[in-house]
Amino acid sequence: TAWFTVTFSKAKEAVAGDQQCSNDLSPTPRNVEPERSTTPFQDFSHIPREELRICIAEDNPVNKKIAVQFMHKLGFKYVDAYDNGLQAVEGLRAKAGEGIPYHIILMDVQMPVLDGYEATKLLRKDPIPAVRGILVIAMTASAIQGDREKCLESGMNDYLAKPVRSNVLKRKLDQYINAVRL
């Protein structure tokens, strides 16, 4: 039998992923400004919330069901989910071709067939403006330093660490939906 003891100092502040505080009253840490995406996305501020179309790319059936339920609870009626990045890209193209494009995609980054990073790169190069300009919010179980930057570099607009809490998701979506775009 062998054993050992390791003593770690207490972490000062967790900044990985999004600030997912246990309550909405927790202050945002001072001097911590999250990196903003420079990737443009289409203006959907003129579209009523209940008419916004949401796409979810998630391979885990439980996470997919929870994400769809979250979106319905937040007042979104048009929510579709796909099992991997390739299906999501094809679904985005198909809906845009039918004249009913998605406005927002919640993109898991680790999926089979085509991961979220590569799927987003395909979206950003798509010839269809509605597909190319979709708002992409990454969802990832990995919340280590550098993940946000990797998401933004692939063309995603924002990032949420899993497990995503409904109040955090609502705040993130409201930030984009209620933004007045110039």
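Visitor: Which helix gives the most to the lining of the second largest pocket?
Guide: This is a predicted model, where local features need pLDDT of at least 70, side-chain atom pairs count only at pLDDT 80 or more, and totals for chains, interfaces and linings use all residues. Residues are numbered from 1 along each chain as its sequence is written, and side-chain values use heavy atoms, without hydrogens and water. A pocket is an open set of points on a 1 Å grid over the protein atoms alone, with protein on both sides within 12 Å along at least five of seven lines; lining residues have an atom within 4 Å of a point. With 4 residues, spanning 61–73 as a DSSP run (H or I, at least four residues), the top contributor is helix α1.

Visitor: How many residues in that lining are charged?
Guide: The lining includes Ile66, Phe70, Met139 and Leu169. Glu58 and Lys162 line the pocket too. By class, 7 residues are nonpolar and 1 is polar. The charged ones (Asp, Glu, Lys and Arg) number 2.

Visitor: How far apart in space are asparagine 63 and aspartate 108?
Guide: In sequence, asparagine 63 and aspartate 108 are 45 residues apart. C-alpha to C-alpha, their distance in space is 9.8 Å.

Visitor: What is the relative accessibility of valine 6?
Guide: Valine 6 lies in the segment before β1 (53–57). Valine 6 counts as partly exposed because its relative accessibility is 45%.

Conventions
Helices (H or I, at least four residues) and strands (E, at least two) are DSSP runs, numbered from the N terminus. Buried means under 20% relative accessible area, exposed over 50%, partly exposed in between (1.4 Å probe, protein chains only). On a 1 Å grid over the protein atoms alone, a cavity is a set of points where a 1.4 Å probe fits but cannot get out, and a pocket is an open set with protein on both sides within 12 Å along at least five of seven lines; lining residues have an atom within 4 Å of a point.
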